[in-house]
Amino acid sequence: MELTVNGQRHSLDIESDMPLLWVLRDELGMMGPKFGCGIGACGACTVLIDGVPERSCALPVQYVEGAVTTIDGLSGDGVLTAVQEAWIAEQVAQCGYCQAGQIMSATALLASNPAPSDADIDEAMSGNLCRCGTYPRIRTAIKRAASTQSARS
């Protein structure tokens, strides 16, 4: 099976029904996407497939069509994205476990909607759960990232 992850093509000898998350973590050694619930309900495992957020724990690799981006490859050139910068500036993370998935969903949101409203943010981020309750900081960070991206363009 062939899979493109973070811009690199991989040839893998794996079972086609293996969840993408297992492929990323166990076969490719990418520890960014986290295992949370195992049923795609918490979003800790969120990756982007051609820019669309997907829950990698519940997605058999055989159904992956497109390039996969994980938090490990989000800033491929070593420069933090506006979303990552905003997460640090707003001190979003507490325990940090869900943050990779949160950042991936926020990245997808801003790619499709560069000036989201509170309602847009709440809807886009509703599939990512945070046990620490950092939702107000997440919303503030997304608005900061949107502003930064707007200023850079």
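I looked up the accessibility of W22: at 30% relative accessibility, W22 counts as partly exposed, since buried means under 20% relative accessible area, exposed over 50%, and partly exposed in between (1.4 Å probe, protein chains only). The model is predicted, with local features needing pLDDT of at least 70, side-chain atom pairs counting only at pLDDT 80 or more, and totals for chains, interfaces and linings using all residues. Residues are numbered from 1 along each chain as its sequence is written, and side-chain values use heavy atoms, with hydrogens and water left out.

I then searched the whole structure for aromatic pairs and found one. W22 and F35 form this tilted pair, 5.4 Å centre to centre with 45 degrees between the planes. For the term, rings of Phe, Tyr and Trp (its six-membered ring) pair if their centres lie within 6.5 Å; planes under 30 degrees apart count as stacked, over 60 as edge-to-face and the rest as tilted. F35 is also partly exposed, with a relative accessible area of 37%.

Next I checked for disulfides, that is, pairs of cysteine sulfur atoms within 2.5 Å, and the whole structure has zero. The sulfur of C37 has its closest cysteine sulfur in C42, at 3.9 Å, and is therefore too far away for a bond. C45 is likewise in no disulfide; the nearest cysteine sulfur, that of C57, is 3.6 Å away. I noted that C45 is buried, with a relative accessible area of 2%, whereas C37 counts as partly exposed at 31% relative accessibility.
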